[in-house]
Amino acid sequence: MNVQGKFGPNYAATQQIDVYTDTREVLAHAKRNARLRGLQDWFVVDIDAHHVETVSWKEVVQYIEDPVIRDNAMRYQSERIGGPPYGLNGDLGLRYQSVGGRIPHQDDQREKVAETDVHRDVVLTRRAMDSLGVDNMVVFPTPMLFLGMHPQPEMEVWLGRAYNRWMADRILSGDDRIKTLVYLPFNTPQEAERAVEEFGDHKSVIGFCVTSTRTKPVHHNDYMRLYRMIEERGKPLAFHAGYHWQDPSLATVNRFLGMHCLGFVWCNMIHMTNWILNGIPERFPKLNTLWVESGLAWVPFLMQRLDDQFLMRQSEAPQLKRMPSEYMRDTCFYTTQPMETTHPKALENTFDMINAKTQLLFSSDWPHFDFDLPQMICDLPFIDEQAKRNILGLNAARLFNLDPTPRKNLFV
Amino acid sequence: MNEYSAGKVDDYQDGDRKVVLCGEAEVGVFRIAGEFYAWHNRCAHRAGPVCQGRLMKRVLEPVDADGQVRAQAYDECEDHIICPWHGYEFSIRTGRHPGNERVRLRKAELIVRDGEIYVRA
């Protein structure tokens with residue numbers, strides 16, 4: 001047996017990971033595991049990662065269109081202390097995401113960024129992509145996910161457009177590996193249509209996003225023109241889940257664990273139910289939808305519930321020509337995260353029911369506390385290599401018309 | 001399997017942790033209540049850098065004789081290492097997850113010799 005430490009111990013440079021630790025150090029094991037699995041040569045797309053847009057809120061509010069609100073917001077951001085970022089409603093749960101500081105990267109990323117040629121978020125996103133083993137990363141905001149519950153619908157319009165403009169100007173221009181789904185101010189349908197017109201043709205805009213935490217019915221006639229516009233562009237419409245602890249149905253849940261488990265699924269279960277039973281896939285057969293960040297276990301549950309009830313009450317959903325589960329399987333796409341892996345047989349069944357080989361897209365949700373890794377798809381024992389390649393990137397390439405040439409470098 | 005120095009016994013105060021690079025492997029060495037423990041720096045969940053996480057006491061929720069709860073508490077006798085990736089917690093003494101003891105860390109062999117600590121990996 002050799003003693004390798006003859007000249008003393010070789011301690012790791014980072015003994016405790018905290019909010020100051022470089023993303024590349026936090027994810028060093030992920031990069032090593034991606035290399036070991038040969039992901040350098042695989043095309044990998046992360047459909048759902050995040051940045052914390054409020055870190056740049058001083059910049060974002062400068063893009064507000066209304067000159068009075070813009071001035072108010074800029075003064076607030078410059079002078080006001082003790083309040084949340086201008087215009088954002090946020091949610092109580094945001095305080096608890098890191099489990100009391102146990103998961104530091106969820107609290108903040110205060111790492112050094114020396115690069116000045118691009119925005120800090122571009123640098124952080126590059127670090128994440130090249131550590132996780134990702135070629136294209138779709139970046140979503142974080143506190144803005146709650147804007148659909150703002151009591152002033154015009155605030156969603158002002159801030160949504162400002163964010164879209166800022167994203168195009170400061171982030172998307174910095175690296176074409178970074179993609180976005182345009183934030184739609186969905187509570188104001190005409191403004192959502194305007195967002196489609198204004199940003200829909202940007203080369204790094206690969207689709208459109210409804211933040212699901214809202215109480216507007218997705219089947220209302222007011223939205224049909226919007227869906228037609230999106231369908232004509234050939235880019236998908238995503239429903240990005242979120243929670244909202246003020247939802248009366250969650251009023252008795254006192255643990256963030258429980259609220260997070262339910263809230264992130266509940267919103268998309270409701271929108272999906274309305275989407276299917278009102279025949280939206282029949283009305284817009286070329287409109288692809290993507291259901292983001294609700295995990296997967298809810299899908300077979302809802303398929304079974306809707307199918308059973310539909311056969312007894314077909315007259316209440318007369319537009320349907322197929323079973324609800326068939327629309328959910330054939331016209332909807334799903335992202336993986338947070339993939340429920342503690343019951344492998346159930347997961348295998350889910351993959352089968354949603355036809356994962358063609359309908360499932362990898363997502364990490366980095367840097368949130370329940371982020372997933374590409375290696376999780378590589379390590380699944382019940383799907384073949386082609387299915388793994390599809391889920392990790394080729395399904396996304398097909399859905400979003402992306403060039404499936406790997407661009408990451410796992411060896412730097 | 002090679003043997004790697006993890007420093008001197010005296011380098012460790014009670015409650016200290018040192019993560020040692022051992023070739024391709026990494027091992028976390030902990031000193032708790034005078035005893036040394038060594039675990040591979042790979043979380044049982046997703047192979048995250050578990051030994052580089054925060055050290056915290058186990059959280060308890062005492063239930064009184066009426067079945068009621070009023071406050072949480074720390075178990076001062078149970079030290080946890082918490083994976084910074086996803087928050088999986090493990091007893092530093094046993095390497096086991098407090099909510100499911102089948103989920104556990106991989107132990108590294110630790111030797112104390114002539115006032116020096118070595119780990120095998």
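Here is a short chat about a predicted model with chains A and B.

User: What ipTM and pTM does the model score?

Analyst: This is a predicted model, and it scores ipTM 0.96 and pTM 0.97.

User: And what's the mean pLDDT of chain B?

Analyst: The mean for chain B is 97, with 100% of its residues at 70 or more.

User: Switching to chain A: in what order do the strands of the open sheet with 8 strands run?

Analyst: They go S1-S2-S3-S4-S5-S6-S7-S8, with parallel pairing. Strand S1 (45–50) and strand S8 (360–361) of chain A are the edge strands, and each of them pairs on one side only.

User: How many bridges are there between S2 and S3 of chain A?

Analyst: Strand S2 (residues 136–140) and strand S3 (residues 178–183) of chain A share 2 bridges, in the parallel sense. If you want a spot to look at, find Val138(A), which has Lys179(A) of S3(A) opposite.

User: What holds strands together in general?

Analyst: Backbone hydrogen bonds pair the strands of a sheet, either parallel or antiparallel.

User: What about the open sheet of 3 strands in chain B: parallel or antiparallel?

Analyst: Antiparallel, in the order S1-S11-S10. Strand S1 (3–8) and strand S10 (109–113) of chain B each have a single partner strand, so one side of each has no neighbour in the sheet. From one strand to the next, the twist averages 25°.

User: How many bridges join S10(B) to S11?

Analyst: There are 5 bridges between S10(B) and strand S11 (residues 116–120) of chain B, and the two run antiparallel. In one pairing, Val112(B) has Ile117(B) in S11(B) as its bridge partner.

User: Last one, Ala73(B): buried or exposed?

Analyst: Ala73(B) counts as exposed because 11 other C-beta atoms lie within 10 Å, and the cut-off for exposed is 12 or fewer. Ala73(B) sits in strand S6 (residues 73–82) of chain B.

User: Which residues does Ala73(B) touch, leaving out those up to four places away in sequence?

Analyst: Ala73(B) touches Leu60(B) and Pro62(B). Pro62(B) is 11 residues away along the chain, and the C-alpha atoms of Ala73(B) and Pro62(B) are 7.2 Å apart.

Notes. Residues numbered from 1 in each chain as written. Chains lettered and ligands numbered in written order. Predicted model: local features only at pLDDT ≥ 70, side-chain atom pairs only at ≥ 80, totals over all residues. Pairing = 2+ DSSP bridges. Helix = DSSP H or I, 4+ residues; strand = E, 2+ residues; numbered from the N terminus. Axes fitted to C-alpha atoms, helices over the stretch in contact; angles between N-to-C directions. pLDDT = per-residue confidence, 0-100. Buried ≥ 20, exposed ≤ 12 C-beta atoms within 10 Å, placed from the backbone. Contact = placed C-beta atoms within 7 Å.
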